[in-house]
Amino acid sequence: MDKRIKGSCTTILVGKKASIDGSTIISRNDDGHEALDPERFVVINPEDQPKHYQAVISGVKVDLPDDPMRYTSIPNSILTNGIWPAAGINSDNVAMSATETITTNSRVLGLDPYVEGGIGEEDLVTLVLPYIHSAAEGVERLGSLLEKYGTYEPNGIGFSDKNEVWWLETIGGHHWAAVRIPDDAYVVAPNRMNIDDFDFESDDTLYAADLKEMIDKNDLNPDFEKYNLRHIFGSSSIKDTVYNNPRAWFGQKYFNPEIEQDPMGQDLPFICHANRKISIEDVKFVLSSHYENTKYDVYGTGTEDEKKLFRPIGINRNHDVHILQIRNGVPDEIAGIHWLAFGANTFNSVVPFYANVNDTPACYKDADDTFNLNNMYWLSCTTALLGDTDYDFYVDFRNTFELEAMGAYRQIQHETDAGISGKSDVQSFLADANNKLANESLKRQTKLLGDMVIAGSENMKLRYNLND
């Protein structure tokens, strides 16, 4: 199998009672192996959804139902390795983000090996999101596909609707387990097996039918009591201590600064409860972060070894960050908000696009492999690259930009929400709002880049002063 080199991501999940406005939130940095891999923001309408799907990487063929729903998607621009839709919200206001690459161990793979001709990250959103009417239904559909076709890699997948958030992790080639995130809780999930204590008798868990039997029959549980899936199926490797665990530590430190934990610890909790309600801005900050105000910050004042010790959350390999918000207390027509930004997260801003549309704005939809500053993907990547050359000099430009941009986006969103009543063509109205948001974003991101270029030009090393 011609398998694509995998990247790695960071996920944040927020229950409706843990968020500031009663929304459910699932979010993820879609990170790749390469620094640049252009992506697009599109809508897949029912007539565009395949009836007979074939994966590029594994070649697996899957016949799909005849009744797909419309959904938003963030596919690759270059389709050499398949579509890779990443995440979206369907017309029933169910969201899905796929995937968070996770870890495993040899004990599991000896019992349930990977399936080279199975399904993987390339395929999952296409195979699941258009056909599900709740988050739990998403778990069940994906679980049945894993059992039937198998998978060639370990992944974590988030699902949400207006009431519930679920997290599923694949186990070996055919097994899986999922947890309903408590309404008052949040999760920060890096590239490791994340689910810890697991109750097979709970109404808030779902799993492959023979999962417990596989554990018990094959002596897979290293603990004397309880079932901790991270201990049973995960890695707990040295790599985890520097690549994965610190990202969970920093997210939990941000939401719970009162709790002292070891950034390299293997048993950082899966389910957490913040000391305040969580906003979209909070989620974006953590997904952009690089251990600010610690000695591990790559832009900070620690030693060179300290600054290089841990893998940051915001990284040059961020291809997009999506925050999928399903709102309560608003009409269903405007409940689904697909927040989106492209490129390394240190110098971008997330835009709250309405999901109930048939098309997306051109500057977010048309990126390809040709560099073009009229496309948000390339514009965002360019701004981040310049910002990286002198972060301390440019960071105040970024902070002012992000504050003012988010205020402008929220103003457009408030006006759109207030104006929805009585509209006969809601989708056209929301498409117009999305175009306003995209234009505002393009204008502000372009201004940020221009301000940085103008100010930075004064500090170029290629200069000479004559005093005569």
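Is glutamate 304 buried, partly exposed or exposed? With a relative accessibility of 47%, glutamate 304 falls in the partly exposed class. Please keep in mind that this is a predicted model.

**Salt bridges**

- The structure contains 15 salt bridges, and a few of them are described here.
- Glutamate 304 pairs with lysine 307, and their closest N and O atoms are 3.1 Å apart.
- Both residues sit in helix H8 and, because they are three residues apart, about one helical turn separates them.
- Lysine 307 counts as buried because its relative accessibility is 15%, below the 20% cut-off.
- Lysine 295 forms a salt bridge with glutamate 306, with 3.9 Å between the closest N and O atoms.
- This pair links distant parts of the chain: lysine 295 is in the loop between helix H7 (280-288) and H8, while glutamate 306 is in helix H8, 11 residues apart.
- Lysine 295 is partly exposed at 43% relative accessibility, and glutamate 306 is also classed as partly exposed, at 23%.
- Lysine 212 and aspartate 216 meet through their side chains in a salt bridge of 3.0 Å, N to O.
- These two lie four residues apart in helix H4 (residues 211-217), so about one helical turn lies between them.
- Lysine 212 has a relative accessible area of 31%, which makes it partly exposed, and aspartate 216 is partly exposed at 37%.
- Glu164, Arg180 and Asp183 are joined in a network of salt bridges.

**A buried arginine without a salt bridge**

- Arginine 317 is located in the loop between helix H8 (304-307) and strand E14 (318-326).
- Although buried, arginine 317 has no salt bridge; aspartate 31, the nearest side chain of opposite charge, is 5.4 Å away.
- The side chain of arginine 317 does reach the backbone oxygen of glycine 32, at 2.8 Å.
- Leaving aside residues up to four places away in sequence, arginine 317 touches several residues, including Ser8, Asp30, His33, Glu34, Tyr243 and Arg311.

- Strand E1 (residues 10-14) is mostly covered, with five of its five residues buried.
- In a regular strand, side chains alternate between the two faces of the sheet.
- Thr10, Ile12 and Val14 are buried on one side of E1, and Thr11 and Leu13 are buried on the other.
- E1 pairs with strand E2 (residues 24-31) in the antiparallel sense over five bridges, where isoleucine 26 is the bridge partner of leucine 13.
- E1 also runs antiparallel to strand E12 (residues 186-189), joined by four bridges, and alanine 189 in E12 stands opposite threonine 11.

**The nonpolar core**

- The largest nonpolar core has 132 residues, and Phe159, Phe233 and Tyr364 have the most contacts inside it.
- Helix H12 (residues 426-457) supplies the largest share of this core, nine residues.
- Phenylalanine 233 touches residues among them Val108, Ile171, Met193, Leu211, Met214, Ile215 and Leu220, not counting those up to four places away in sequence.

**A proline in a loop**

- Proline 113 is found between helix H1 (106-111) and helix H2 (124-128), in the loop.
- Proline 113 is partly exposed, with a relative accessibility of 46%.
- Its C-alpha atom is separated by 8.2 Å from that of histidine 174, 61 residues apart along the chain.

Methods:
Residues numbered from 1 in each chain as written. Predicted model: local features only at pLDDT ≥ 70, side-chain atom pairs only at ≥ 80, totals over all residues. Heavy atoms only, no water. Buried < 20%, exposed > 50% of the residue type's maximum accessible area, 1.4 Å probe, protein only. Lys, Arg positive; Asp, Glu negative; His and termini not counted. Salt bridge = Lys/Arg side-chain N within 4 Å of Asp/Glu carboxyl O. Polar contact = N/O pair within 3.5 Å; in protein donor to acceptor, adjacent residues only side chain to side chain. Contact = heavy atoms within 4.5 Å. Pairing = 2+ DSSP bridges. Core = buried A, V, L, I, M, F, W, Y, C linked by side-chain atoms within 4.5 Å.
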